[in-house]
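Student: Could we go through this structure together, starting with how its helices pack?
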Amino acid sequence: MPVATASDLQLFQHTIREGIPDVLPPAHPLDSSVSHAPKRKDILSAEEKKLALRNALRYFPKKHHATLAPEFAAELKEHGRIYMYRLRPEHAMHARPIGEYPAKCKQAAAIMLMIQNNLDPAVAQHPHELITYGGNGAVFQNWAQYRLTMRYLSEMTEAQTLVMYSGHPLGLFPSHKEAPRVVVTNGMVIPNYSKPDDWERMNALGVSQYGQMTAGSYMYIGPQGIVHGTTITVLNACRMLKEPGASGKLFVTSGLGGMSGAQPKAGNIAGVVTICAEVNATAAHKRQSQGWVDEVISDVDTCIDAAQAWQKKGEAHSIAFLGNIVDLWERLAARNIKVDLGSDQTSLHNPWSGGYYPVGLSYEESNALIVKDPNAFKERVQETLRRHVTAVNTLAARGMYFFDYGNAFLLESKRAGAEIGGSNGEEFRYPSYVEDIMGPLCFDHGFGPFRWVCTSGDPKDLATSDRIAGDVLEAMLHEAPEAIRQQIADNLHWIRSAQQNKLVVGSQARILYADSEGRVRIAEAFNNAIKDGSITAPIVILGRDHHDVSGTDSPYRETSNIRDGSRFTADMAVQNFVGDAFRGATWISLHNGGGVGWGEVINGGFGMVLDGSADSDRRLKAMLHWDVNNGIARRAWARNPNAVWSIEQEMKRTPLLTVTLPHQADDTTIDSALA
């Protein structure tokens, strides 16, 4: 973590306390050294553009309107959004040690730390547009919102709650110590106004935003989170092959931008050879410089030859193919190359605004076409998806195991008219990885992302937390029933190897998967270590990630293995959000949209500060138990056998827990009744 000089710290604390300055800072040109969001479509009418300006100017006293109005109008014209670049602060943007934040309570300081981590240029995809990952996953809509939010957090006491409406800080409201310090909602629009163009219009007006899953909730820990999920997925996918095992296997996928940038790192950890296509040269070389991909190759045949050489060695290796994924798939098919595992992790939840790029056009040409002729861009994308699927089908027919990694690839391919339909009444030809792997093996047993951040910023504290978590899992492994032994073993191996795999980007953070019992035991051990000084500062534990057990109702990803007809309902996510609030969460969030797209998912999540106190011990036990078992109970009611088994075990451990269990009807009875 960078060490702040006295002058930097003074500037930082002054800026935080100041909020929106009375004297406007000087305007500065766009910084070409960082990645910027593509220009958004020109979707507002003339009257709506006036409304967008009025909405932006309401953050400022009238004396500034003559200066800011033409500036904001130019931003709207040039970028499709009003980001208020002039208000971007001069201080360094990164997660500082918690003691550097000017705050009246540790909980508020921890939230400030997480906000800054989400906007750290080393972490964020488009930091100056306040976008953390996924092309549109925003922390705030503009820099005035950042400044005002940080000021409120610096003033907050334990008797107040900050209310956040899609990036806008509505204000500090009286509450009480047991209440969450911050309540976040993003994109919670009326259902009939939840189409992609509705988001474009409302975001351009400055009244709503797409918070992804962990961007607008201040919970992102860098690509490490998805490295873990992808590692677990690839390991289990390799176990499903006709010849099980990872050594010498070829994994082909695409996407190196935000969360997708974790794929080659995960492939290396799992032990396969990975080719990951990426059209954006900046993104590909960024991942190479971070050590997340071993090499970048722009010639498709050279790339394939290199991968085969590493396969023959039986060594894990990752290659970024700098080009379009369709060119890679079609060449693999033409050369009759054996691909063992195939997937895709482009941002197809955002297909018309730079989440997926058409074959035959460069990255720059594609971005220009988005603005010049969005309908033509859409047609090119859908044509590309049809070719993409045709090549995948060819290789799958030769034995490749292909799975959708929850990025809406199957859904958007079907909408494009690709040959992706399933047989025997199945919706898609290929499974979501949740249907085959993560659902039955992880979620139905309560295994999902348990993430934490050491607020001291000290790598020694992270190492201590790794050791503590590993010791808890090791003890649990000796006691574990066969049904969950493999998951505990995989996560024990992960955490024992975490330091050598150099997973940290930004804050001193870590992830592993654990069930309800594991999460409570690890969090309790952390709290005790903070109490006795083994860990020097509070730890923030974070719930929701892209693989959540209870907080995410996502019919084409996290809940795709819910087959009782309820996968399009969102009771679970909303109940999770509310239940976490009154069981002790420090902050909670509820979002429309996530990795599969606006209007396609509802997410609920939490953050919790552990400070070594008895109060933290009480809160963690109450909240973590609910946060996991809410989802297991819902999955059990859907008749998922592993979830039924898991909730039955939990009821034996927890006398106050009584869950409604399903009775099974046999097919003969059903068929006879309907004959």
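**Helix packing and aromatic rings**

Tutor: In H4, residues Ala108, Ile111, Met112, Ile115, Gln116 and Leu119 meet Trp143, Tyr146, Thr149, Met150, Leu153 and Ser154 of H5; contact means heavy atoms within 4.5 Å. Helices are DSSP runs (H or I, at least four residues), numbered from the N terminus. This is a predicted model, in which local features need pLDDT of at least 70 and side-chain atom pairs count only at pLDDT 80 or more, while totals for chains, interfaces and linings use all residues. Residues are numbered from 1 along each chain as its sequence is written, and side-chain values use heavy atoms, with hydrogens and water left out.

Student: At what angle do the axes of H4 and H5 cross?

Tutor: The axes of H4 (residues 106–119) and H5 (residues 143–155) cross at roughly 160 degrees and come within 9 Å. Axes are lines fitted to C-alpha atoms over the stretch in contact, with angles from 0 to 180 degrees between N-to-C directions. H4 and H5 are therefore roughly antiparallel (over 145 degrees).

Student: And how are H16 and H18 oriented to each other?

Tutor: H16 (residues 459–479) and H18 (residues 516–532) pack at about 140 degrees, their axes 10 Å apart. That pair is therefore oblique, the class left after under 35 degrees (roughly parallel), over 145 (roughly antiparallel) and 65 to 115 (roughly perpendicular).

Student: Changing topic, how many residues of H6 are buried?

Tutor: In H6 (residues 196–205), 7 of the 10 residues are buried, meaning under 20% relative accessible area with a 1.4 Å probe, protein chains only. They are Asp198, Trp199, Glu200, Met202, Asn203, Ala204 and Leu205.

Student: What covers them?

Tutor: The cover over the buried residues of H6 includes helix H2 (46–57) and helix H3 (65–79). Just after H6, Gly206 has a positive phi of about 85 degrees.

Student: Which charged residue sits over the ring of Trp199?

Tutor: The charged end of Arg81 does, 5.2 Å from the ring centre. The criterion is NZ of Lys or CZ of Arg within 6 Å of the ring centre and within 35 degrees of the ring normal. Lys378 likewise lies over the face of Trp352, at 5.0 Å.

Student: How many aromatic pairs are there?

Tutor: There are 21 aromatic pairs, counted when ring centres of Phe, Tyr or Trp (its six-membered ring) lie within 6.5 Å.

Student: Are Phe402 and Phe409 buried or exposed?

Tutor: Phe402 is buried at 2% relative accessible area, and Phe409 is buried at 1%.

Note on methods
Phe/Tyr/Trp six-rings, centres within 6.5 Å; stacked < 30°, edge-to-face > 60°. Buried < 20%, exposed > 50% of the residue type's maximum accessible area, 1.4 Å probe, protein only. Helix = DSSP H or I, 4+ residues; strand = E, 2+ residues; numbered from the N terminus.
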